[in-house]
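Dear colleague,

Please find the structure below, handed over for your study. A short account of the findings follows it.

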Amino acid sequence: MLIIDKLTRSFGGLTAVSNVSMQINKGELVGIIGPNGAGKTTLFNLLTGVYEPSSGTIKLELNGEEVNIGGLKPYNVTKAGLARTFQNIRLFKDLTVLDNVRIAMHQNVQYKLPSSFFRFNNFYQEEDKLLEEAEQLLDIFKMSHKKNELAKNLPYGEQRHLEIVRALATKPAVLLLDEPAAGMNPFETEELTNTIKWIREEFDLTVLLIEHDMSLVMEICERIFVLDYGMLIASGTPAEIRTNKRVIEAYLGEDVSNA
Amino acid sequence: MRVLSKKNIMILAGLILTFAIVYALRNFGILTSFHEITIAMVCINIILGVSLNLITGFTGQLSLGHAGFMAIGAYVCALINMELNSTFGFILGVLAGAIIAALVGVLIGIPTLRLKGDYLAIATLGMAEIIRVIFLNLEITNGAAGLNGIPRYTNWFWLFFFTVTTVVLISNFINSSHGRACISIREDEIAAESMGINTTQYKVIAFAIGAFFAGIAGALYSSYFYFLRPEIFGFLKSIDILIIVVLGGLGSITGSVIAGILIAVLTAALQSFAALRMIIYALLLIIIMLFRPQGIMGTKEITDLLNFSKRE
Amino acid sequence: MKKSLVLFLLLAMVVSLAGCSGSGDKNGGADANEIKIGINYELTGAVASYGESSVNGILMAFDEINAAGGINGMKIVPVQFDNKSEPAEATSLATRLMTQEGVVAALGPATSGNFMATIPVAMGNKVPIISASATADKGVTVDDKGNVNEYVFRLCFNDSFQGVTMANFAFNNLNATKAVIIQDNSSDYGKGLAENFKATFEAAGGTIVAHEGYVAKDKDFNAILTSIKGKDFDVIFIPGYYQEAGLIIKQARDQGIDAPILGADGFDSPVLLELAGAEALNDVYFSNHYSSIDEDPLVKEFIKAYKEKNGVEPNAFNALGYDLGMFIADAVERAGSADPEAIKDALAETKGFVGVTGTFDMGEDHNPIKSAVVIGLENGVQATSVKVDPN
Amino acid sequence: MDQFLQQMVNGLSLGSIYALIALGYTMVYGIIKLINFAHGDIYMIGAYIGFAATTYVHLGFFPALILSMIVCAILGMIIERVAYKPLRNSSRITVLITAIGVSLLLEYSMMFFVGAEVRSYPKVLTNHLFHFGGVRVNMQQIYILVTAVALMILLQYIVTKTKTGKAMRAVSIDKDAAQLMGIRVDKTISITFAIGSAFAGAAGVLVGIYYNSIDPLMGMMPGLKAFVAAVFGGIGSIPGAMIGGLAIGIMETLVAGYGNSMYRDAAVFAFLILILILKPSGLLGKNEREKV
């Protein structure tokens, strides 16, 4: 599904991601962990086109076709089928919940620019379809009653949820979640865990997840990659990672085994 | 048909009524030619304000060069108009002016819109200055002496027609998926890109559309005031347009309309103060911004307010 | 909410204040003992100094007339507005003066561009307008098709007269064959003078070795001057105004350029001396309406009166403004009524009007027929003056 | 060759004036990220204060300069307190409009009180000429360049070495964090405005003496050019403002001297846009990447 080969990115003298290779299969739920500054978010930014790789390739296999998405602009990466959320919530704060979702659906809108001025028939058809789909999506996440609220007025947990909904609205094949549980209480995290499991089934997704909350990662991920100083130091099932020496060293003090 | 919804019919009726009332008042001599000039300025201000609002208010790209596009529309229309001297020539001039302004907008937009914030502001300012200096030195525009004797075809009908068209088309655009794509750039450019929106492309589109309508405003101006000179389109004109946008509220078309009216009426009202007028204008500007930093309407539209009162 | 209320009240106050002052004037129009004359000048904006100077002169004339009992017992009431140095504002104000304020004639604006913007208004409302300083050749008193604009007058030279005069002066009196032009590229005045100078000078057999430009409010001309310094030329012609010309002359002399420097009536201001300094103002010649070394008692008296009132010597705008005030009063008196139509006829029929800036008849084309003087400066003082008659 | 060297001298002296104004500009910009349109007008006020002090009170050069700097510093602080501080949490474009309002207010109040006519300074500084081969250098040109360089060094010293300077940098990077660290943000911003405005005042006096011509709208174009210079060198960078100012002065001179003087301003702006496209944050500006 997603094949990362010898991916490297350096900023000046600092190599944030170094020679990382990984392969993620269709339908998998994979976690990426590592101490602060290990290069997790940089890896995400490389995958989603925010940064260009210094070297190495990223390939996305979809419906039998292989696309090289390394170095593509973020919007083209999204078009190719990769969607993401942000660690520090980046909703369109002053827009409504509904608009947040509709904007994410824009790439699938069929009518052209002139129709947006002159409102030809296809404008109404497409906009209706858009509204319907957006409301359905919000319904699924039990947020449709808040569709006219401004995103910034939502409680924190719901903002995190909306980030996920917005990413799903781009109709991705692969979903990248950047610390989705950050700042959540245990109850909310629990709920999120179920949601993630559920959306993978419901939307037929491959999920890649960065998380600090070990309980979440260990509970839902089928495989885990561990980064440290930009390098991939281990990969395997949660059980394997829990006992991996290098991982424990890397975390030095952070109690992995008890999680 | 959705076009014939109750709301749209109401709007249409309101527009026709407004048009007819002004038309009648003018014919009965209640509105004099002095009022007419103020009305012309109102219309031109609205077109300029709404078109810059699309760039700065909705798409979030600070432009200090809107007068440059206005200048292109004005000169192109005037030159065609002086050559043909007919209503057809006027319409052709308005459209040609607008289209050339939009093309220049695209040409300038592609390299400069990669810049952010104040760097973009200074680049657009520079571009408008370059346009002005070119008009100052071209033979065909008659340099500093400018063009005069431009036939007047701009009248209440055309002013009204183009103002309404501008407001309707731009608010249609804003309320479409393409328009929302533009707004998302203002909200968060990085998130917008990650949601599949080609931000550079949409910035250029917004810039070109804004330039197109600024060109129309310039064309109407040239054919109303008989006279063009490059210095009309200096840096201060761009600032004047920005003032309309901010005063009305960044991201509110209703706001730009209200501020466009307000500025034109205020300008006329302050004429009596002779040398004091600019001092009073400056003080009002500061005071209004201090008391209402978000502008008259904020990001609200008149439709929002109407819906709100209905709910109550 | 309270804040918005304060704001709203404030705005309402300004608008109603403006409304009051406007309507107040309108009521005054019914008074048979007053005659209202519009003043549409640049009091703020880029060329405010020209507007301000002109209005000073006009108001001085009106004060003198009113102090002497007015015109046929009627007092002149100036209705004064500021057009921000913008043509659209000038149009709007001309309309306002004619349709709202009921003036019998409107004076100004100062620059050709702004004045031209008011011509269609005057023609449409059949109210005469007069400028003392709109010098553009084309499109002022005569339209593109060669028809005289019936309601438009001026009492200054046009650019071609001064441009031609100075080109001939350079070629004949100074024996110059190679000239440099440093043109005010931001005004139609500079452009008009430069074009006429160039055409005449070249036709006479001279060459223009360099044609440079600057814009109003520039202060540093060293780059241009250094580059022309390396060239071979006999005279420098500066079509522009004293604010920049003064600095150009100073910087040219500082750089060791001692060729004669020529200009037009835009040079005429005591500020030229202040800016350039006396030692720089040698071998400087400019065309003007009158010379301060003139023995004409009218000129002497005006200069003395102006100095007493304002503490400085008058410049060309002051003098032209003063004459403009006197001229319109004279026309009203001759018309014998406050009817714009009659005033227009009186203006057109002017014969032998005696003003500070010269004695003239109004020509068929509504331009005054008057002679110019070419003034030569020595140590900043007017030393020579040569009279040039229009052909 | 002489001519080229002379043009470089012309360019440097014009550039040092832009640099002088740009230094204060970039400093104020650095701390509150405001395009302070009123900066050019404070420079104008400074020129008028120097004019009044030398002409009517007959003060010498230095007393007039100091007086002008003090008055401008106070004026700058008042403007910040009244017009900008209440808007610190508003959108930046709103403050921009207020700055334009302040700029118009200063220009036209001045015009209302002293008239639109240009004024000229009395002679307070020698303008002795030096000849280096065929190249002429005026004593006043040297004064201005030396003052600009001295002020740049002084500013750089204040910003990098003093406690106030550290506070300034902290506030410019993160106002809230600085507040939490016990830095008095309001006071720091006030001081920045005072210093920046004092520099503008000094520039006003120097330019008034050098060109011998001041008027109420004299700040408009140099204010704009100083902003261009600051952007060119990288907004917020003090050496950048210096280099930007000099570069623009030299560029203008070269275009006017060897190219077409009619297209001087257009050429400068075209070059600026080109630089920005190649280097989007100016010559010495830090390319700040937004954290994702």
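Which residue of E9(C) stands opposite C:Phe237? In this predicted model, that residue is C:Leu262. The surrounding strands are strand E8 (residues 235-237) and strand E9 (residues 261-263) of chain C, which run parallel and are joined by two bridges.

Both strands belong to an open sheet of seven strands in chain C, ordered E7-E6-E8-E9-E10-E14-E15, with mixed pairing. Strand E7 (207-214) and strand E15 (381-388) of chain C each have a single partner strand and stand at the edges, so one side of each has no neighbour in the sheet. On average, neighbouring strands of this sheet are turned by 20° against each other, direction ignored.

Two helices of chain C lie across strands of this sheet. Helix H5 (residues 159-173) lies across E8, E9, E10, E14 and E15 of chain C, and runs at about 145° to E10(C). Helix H7 (residues 222-229) lies across E6, E7 and E8 of chain C, at about 165° to E7(C).

Chain A contains 10 helices and 10 strands. Its radius of gyration is 19 Å, close to the 18 Å that the globule rule gives for 259 residues, so chain A is as compact as a globular protein of that length. Of the 259 residues of chain A, 55% count as buried.

As for the chains together, five pairs touch, and the pair with the most contacts is chains B and D. Chain A and chain C, by contrast, are joined by no contact, and their closest C-alpha atoms lie 22 Å apart.

With kind regards

Definitions and conventions
Residues are numbered from 1 along each chain as its sequence is written. Chains are lettered from A and ligands numbered from 1 in the order in which they are written. This is a predicted model: local features need pLDDT of at least 70, side-chain atom pairs count only at pLDDT 80 or more; totals for chains, interfaces and linings use all residues. Side-chain values use heavy atoms; hydrogens and water are left out. Two strands pair if DSSP finds at least two bridges between them. Helices (H or I, at least four residues) and strands (E, at least two) are DSSP runs, numbered from the N terminus. Axes are lines fitted to C-alpha atoms, for helices over the stretch in contact, and angles run from 0 to 180 degrees between N-to-C directions. Contact means heavy atoms within 4.5 Å. The radius of gyration is taken over C-alpha atoms; the globule rule is 2.2 Å times the number of residues to the power 0.38. Buried means under 20% relative accessible area, exposed over 50%, partly exposed in between (1.4 Å probe, protein chains only).
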